[in-house]
Amino acid sequence: QLQLVESGGGLVQPGGSLRLSCASSGSTLNYNAIGWFRQAPGKEREGVSCISSGGGVLAYADSVKGRFQISRDNAKNTVSLQMNSLKPEDTGIYYCAARQSIACPLSIRYPNPSFSSWGQGTQVTVSS
């Protein structure tokens, strides 16, 4: 099972930006689609974005389209989530997860069991 570590969270004002990173300690991520999910207090965990193993297929939740961009650097074994124009409703714990497939699922709205390896999460707080 992959060991994933997220970084880059923090406190930012509305309209600001953050860049999250997901790295694997040891094993390669090159054969896994990677998803980003978030969980706000009192709410279910929801999908934010997904990128296929080769980086050619990207998926975004409607709430973040045009503001967030997912990318990966397979040479560095990392996946990033660039978050721009942040809103207070983007606040939550952000998790990256590796899927047991090279492809993203048809829907990333909710986590599914095929995302088998998860990081510990990084807190993102958008507040003035």
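Predicted model: local features only at pLDDT ≥ 70, side-chain atom pairs only at ≥ 80, totals over all residues.

Colleague: How many bridges join strand β3 to strand β8?

Modeller: There are six bridges between β3, residues 18-24, and β8, residues 78-83, and the two strands run antiparallel.

Colleague: May we take a single residue as an exercise? Where is alanine 23 found?

Modeller: Alanine 23 belongs to strand β3. Its relative accessible area is 29%, so alanine 23 counts as partly exposed. When neighbours within four places in sequence are left aside, alanine 23 is in contact with Gln3, Leu4, Val5, Asn77 and Thr78. For a separation along the chain and in space, take alanine 23 and isoleucine 108: they are 85 residues apart in sequence, and their C-alpha atoms are 20 Å apart.

Colleague: Next, the disulfides. What is the count of disulfides, and what pattern do they follow?

Modeller: One looks for pairs of cysteine sulfur atoms within 2.5 Å. By this rule there are two disulfides. With the bonded cysteines counted along the chain, the pattern is 1-3, 2-4.

Colleague: To which residue is cysteine 22 joined by a disulfide?

Modeller: The partner of cysteine 22 is cysteine 96, with an S to S distance of 2.1 Å. This pair links distant parts of the chain, since cysteine 22 is in strand β3 and cysteine 96 is in strand β9, residues 92-99, 74 residues apart. Cysteine 22 has a relative accessibility of 0% and counts as buried; cysteine 96, also with a relative accessible area of 0%, is buried too.

Colleague: Why is the disulfide of cysteine 22 and cysteine 96 described as right-handed?

Modeller: The handedness is read from the torsion about the S-S bond, which is about 70 degrees here, so this disulfide is right-handed.

Colleague: What can be said of the disulfide that joins cysteine 50 to cysteine 104?

Modeller: Its S to S distance is 2.1 Å. The torsion about the S-S bond of cysteine 50 and cysteine 104 is about -95 degrees, so this disulfide is left-handed. Cysteine 50 lies in strand β5, residues 46-51, and cysteine 104 lies in the loop between β9 and β10, so the pair ties together parts that are 54 residues apart in sequence.

Colleague: Finally, the aromatic rings. How many aromatic pairs does the structure hold?

Modeller: A ring pair is read from the distance between centres and the angle between planes. The structure holds three aromatic pairs. One of them joins phenylalanine 37 and phenylalanine 115, at 5.0 Å centre to centre and with 80 degrees between the planes, an edge-to-face arrangement. Phenylalanine 37 is in strand β4, residues 34-39, and phenylalanine 115 is in strand β10, residues 115-118, so the pair links distant parts of the chain, 78 residues apart.

Colleague: Are phenylalanine 37 and phenylalanine 115 buried or exposed?

Modeller: Phenylalanine 37, at 1% relative accessibility, counts as buried, and phenylalanine 115, at 4%, counts as buried as well. Phenylalanine 37 also forms a tilted pair with tryptophan 118, at 4.9 Å centre to centre and 45 degrees between the planes. Tryptophan 118 counts as partly exposed, at 27% relative accessibility.

Colleague: Which residues form the aromatic cluster, and over which rings does the charged end of arginine 45 sit?

Modeller: The cluster is formed by Phe37, Tyr95, Phe115 and Trp118. The charged end of arginine 45 sits over the ring of tyrosine 95, 3.8 Å from its centre, and over the ring of tryptophan 118, 4.9 Å from its centre.

Note on methods
Residues numbered from 1 in each chain as written. Heavy atoms only, no water. Phe/Tyr/Trp six-rings, centres within 6.5 Å; stacked < 30°, edge-to-face > 60°. Helix = DSSP H or I, 4+ residues; strand = E, 2+ residues; numbered from the N terminus. Buried < 20%, exposed > 50% of the residue type's maximum accessible area, 1.4 Å probe, protein only. Lys NZ or Arg CZ within 6 Å of the ring centre and 35° of its normal. Pairing = 2+ DSSP bridges. Contact = heavy atoms within 4.5 Å.
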